[in-house]
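Please look over the sequence and the model before reading on.

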Amino acid sequence: MPSLTVQNLSGTVVAVPAGSTLLAALQAAGHDWMHACGGKGRCTTCRLEVLSGAENLTPDTEAELRYRRAGRLLPHERLTCQTRLTQGELTARVPEPTKLPHVTYSS
C-alpha cells in the first residue's frame with residue numbers, strides 16, 4: 001500500500017488506501033490536519049510541502065491549478081484534500097503557515 005511520511009510530524013508514516021485523498025488517509029490515521037473549507041478544494045489550508053515522491057501523485061486538480069495561477073500554491077506544494085497517492089512513497093512536511101497550535105511538530 002502506498003505510504004505518506006510527514007517528516008515534521010516526528011516522521012509519521014500513514015498508509016494511503018487506493019482512491020483515498022491524502023487528507024482522508026491522515027484523518028483515518030488519527031492525525032489532526034488543517035482544512036478550513038472541509039476538504040472541498042476551496043482554500044489552501046490543507047496544503048503540504050512535497051519533499052520526494054511527487055511522481056507517485058495524481059496530476060494537479062483544477063482547484064490546485066487555479067491556486068497555482070493565483071500564486072497561492074507553490075510548485076512543490078499540493079492540497080491534501082485533492083491529491084491521491086497512486087503508488088510508492090511520498091515524503092512531505094507541514095508548511096509553517098498551516099501548522100496547528102495544539103500539534104507538536106519536529107524540525
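In which helix does Gln27 lie?

## Gln27 and its helix

The model described here is predicted. Within it, Gln27 is found in helix H1. Gln27 counts as partly exposed, because its relative accessibility is 38%, a value between the 20% and 50% limits that separate buried from exposed residues.

The position of Gln27 can also be described relative to Val14. In sequence, 13 residues separate Gln27 from Val14, and their C-alpha atoms are 9.7 Å apart in space.

## The sheet

Five strands form an open sheet with mixed pairing, and their order is E2-E1-E5-E3-E4. Strand E2 (12-15) and strand E4 (77-79) are the edge strands, each pairing on one side only. On average, and with direction ignored, neighbouring strands in this sheet are turned by 35° against each other.

One of the pairings links strand E3 (residues 47-52) with strand E5 (residues 89-93); these two strands run antiparallel and are joined by three bridges. Here Val50 stands opposite Ala92 of E5.

In soluble globular proteins, nonpolar side chains tend to be buried together. The largest nonpolar core of this model has 24 residues, and the members that touch the most others are Leu4, Val6, Leu22, Trp33 and Leu90. Two or more residues come from each of strand E1 (3-6), helix H1 (22-28), E3 and E5. Helix H1 gives the largest share, with four residues.

Is Leu90 buried or exposed? Leu90 has a relative accessible area of 0% and is therefore buried, since the limit for a buried residue is under 20%. Leu90 has its place in strand E5. Between Leu90 and Arg68 there are 22 residues of separation in sequence and 21 Å in space, C-alpha to C-alpha.

## The cavity

How many cavities of 30 Å³ or more does the model contain? The count is one. The largest cavity has a volume of about 40 Å³.

Its lining consists of Asp32, Trp33, Met34, Val94, Thr98, Lys99, Leu100 and Tyr105. By class, this lining divides into five nonpolar residues, one polar residue and two charged residues. Trp33 belongs to the lining of the cavity and is also among the core residues that touch the most other members.

Methods. Residues numbered from 1 in each chain as written. Predicted model: local features only at pLDDT ≥ 70, side-chain atom pairs only at ≥ 80, totals over all residues. Heavy atoms only, no water. 1 Å grid on protein atoms, 1.4 Å probe; cavity = no way out; pocket = protein on both sides within 12 Å on 5 of 7 lines; lining within 4 Å. Points joined across faces, edges and corners; volume = space filled by probe spheres on them. Nonpolar A, V, L, I, M, F, W, Y, C, P; charged D, E, K, R; others polar. Pairing = 2+ DSSP bridges. Axes fitted to C-alpha atoms, helices over the stretch in contact; angles between N-to-C directions. Core = buried A, V, L, I, M, F, W, Y, C linked by side-chain atoms within 4.5 Å. Buried < 20%, exposed > 50% of the residue type's maximum accessible area, 1.4 Å probe, protein only.
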